[in-house]
Amino acid sequence: MEKLIIKGGQKLKGIVDISGFKNAAVALIPATVLAGETCILENLPDISDVKYLAEMLKSLGAKVNKIDAHTLEINTTNMKECYADYEMARHLRASYYFLGAALGRFKKAQVSYPGGCCIGNRPIDQHIKGFEAMGATITVEHGMISVEADKLVGAEIYMDVVSVGATINIMLAATMAEGQTVIENAAKEPHIVDVANFLNCMGADIRGAGTDVIKIRGVNKLKGCRHSVIPDQIEAGTYMIAAAATKGDVVINNVIPKHLEAITAKLREMNVEIIENDDSIRVIGTKPLKNINVKTLVYPGFPTDLQQPMSSLLSVAKGTGIITETIFEGRFKHVDELKRMGANIKVEGRVAVIQGVKKLMGASVAATDLRAGAALIIAALIAEGETEIENIHYVDRGYEGIIDKLTTLGAVARRVK
Ligand SMILES: CC(=O)N[C@H]1[C@@H](OP(=O)(O)OP(=O)(O)OC[C@H]2O[C@@H](n3ccc(=O)[nH]c3=O)[C@H](O)[C@@H]2O)O[C@H](CO)[C@@H](O)[C@@H]1O
Ligand SMILES: C=C(OP(=O)(O)O)C(=O)O
């Protein structure tokens, strides 16, 4: 088991390059199943989620050629079906995208109930509702989800909750359905648009991605294409928070500032200076931090994935801050670990009340999930003394080269066995 050891107290300074978006990449890779030809995906992040999905594709019969650390050439011509058992699917949430993609191409798929971070109840009823509306039959037995349809027919699907995963999965399944599918109350996250752009480049006919009504006209066939993944807004937001927390001055390169509006607005409210350029953002954290309230919301609201890193920042801001987590009720597991480091946080249901303290102190802590790991890294960067963070495999799911990136910015951090 590897862990991180971080000595706090260094102000982060310099330039950091943001990798491709994990949450887009993990949908784009399964989407290649629909092409039945060769696709080239560029700017993929070099993270464990991408490695698992590439392995999964190979086990399912695809040819996967790693051109370089960030580029995969994927040929799915020889795939005839999709059977992904628990061993394959348990590593990450996104394994469920094979359901939509394989249903679209083969009209059937069998995938184990997906894994992913344990951040609360993560039902997939909206995915199932969408597949059923298009004519598929779904059975769940012994943890395996089976979807099958004689033919898929476009349908009007109203989502009862705004779900990123269900929106993408329905889009995947609908690309080659007969007629038009309309997804109402669709999620609007940037990676929905990225996946739609990739599918359109394959020959799909998708309009409205990025709004809450997406229209997909089924086409007969898709083809291979080349696509570059958009920058990771969550990784960028994490470095923005880390720069602010350490009172640093960091230029965060390769970002789409529009995707970061919610985090930019909240950091400015805390007194952090932010300068936006075309594809970079500079964060200057020299002024005293004011505490604020944060409510997680679907895009363009404040992303739940940055709530945990943000709680570390609020822990050392003057006054009281309140975080309301509206998306995942189990996303406060990191709070007990932050308390070990001296944070003053009370959690009541979906609300965390944070009373800012003057300083955090190094301690032995464990990441409970991916963004909990990011939150603990930020806390460790500002804590007095050394912090040991266990369960670092969670962080490896979503942050490419985090130790290299942080040490380049001046952090004192290392990974040990
Ligand atoms: C791989 C990936 O992209 N993961 C992201 C994705 O997860 P994921 O796609 O799993 O999250 P969803 O957007 O689907 O979930 C949002 C909310 O809808 C609920 N829900 C979802 C589906 C469903 O069928 N029924 C239902 O009730 C969930 O319990 C949750 O409360 O979006 C989340 C919310 O932005 C992010 O935290 C995750 O990082
Ligand atoms: C929760 C996350 O990922 P997943 O949905 O894959 O568990 C995340 O990226 O913060």
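Reader: Is Met202 buried or exposed, and why?

Author: In this predicted model, Met202 counts as buried because 22 C-beta neighbours lie inside 10 Å, and the cut-off for that class is 20 or more.

Reader: Where does Met202 lie, and with which residues is Met202 in contact once its neighbours within four places in sequence are left aside?

Author: Met202 belongs to the loop between α7 (190–201) and β12 (205–207), and, leaving aside its neighbours within four places in sequence, its contacts are Leu34, Ala35, Leu222, Lys223 and Cys225.

Reader: How should I read a nonpolar core, and which residues of the largest one touch the most other members?

Author: The general idea is that nonpolar side chains tend to be buried together in soluble globular proteins. Here the largest nonpolar core has 146 residues, and Met171, Val195 and Met240 are the ones that touch the most other members. Helix α12 (residues 370–382) provides the largest share of this core, 11 residues, while domain 1 (3–19 + 231–416) and domain 2 (22–228) each give at least three residues to this core. Taking Met171 as a case, and leaving aside its neighbours within four places in sequence, one finds contacts with Val195, Ala196, Leu199, Ile206, Ile214 and Ile216.

Reader: What does the UniProt annotation say of Cys117, and where does Cys117 lie?

Author: The unreviewed UniProt entry annotates Cys117 as "modified residue: 2-(S-cysteinyl)pyruvic acid O-phosphothioketal", an annotation that may be inferred rather than shown by experiment. In the model, Cys117 sits in the loop between β7 (108–112) and α5 (125–133), is buried because 23 other C-beta atoms lie within 10 Å, and touches Asp369 and Leu370, not counting residues up to four places away in sequence.

Reader: How many residues surround ligand 1, and which are the closest?

Author: Ligand 1 is surrounded by 21 residues, the closest being Asn23, Gln126, Ser163, Val164 and Gly165. This shell around ligand 1 divides into 10 nonpolar, seven polar and four charged residues, and α1 (22–31), α5 and α6 (164–174) each supply at least two of its residues.

Key: Residues are numbered from 1 along each chain as its sequence is written. Chains are lettered from A and ligands numbered from 1 in the order in which they are written. This is a predicted model: local features need pLDDT of at least 70, side-chain atom pairs count only at pLDDT 80 or more; totals for chains, interfaces and linings use all residues. A residue is buried if 20 or more other C-beta atoms lie within 10 Å of its own, exposed if 12 or fewer, and partly exposed in between; C-beta atoms are placed from the backbone. Two residues are in contact if their C-beta atoms, placed from the backbone, lie within 7 Å. A nonpolar core is a set of buried Ala, Val, Leu, Ile, Met, Phe, Trp, Tyr and Cys residues joined through C-beta atoms within 7 Å. Domain bounds come from an automatic or database domain assignment. A residue is near a molecule or strand if its C-beta atom, placed from the backbone, lies within 6 Å of it. Ala, Val, Leu, Ile, Met, Phe, Trp, Tyr, Cys and Pro count as nonpolar, Asp, Glu, Lys and Arg as charged, and the others, Gly among them, as polar.
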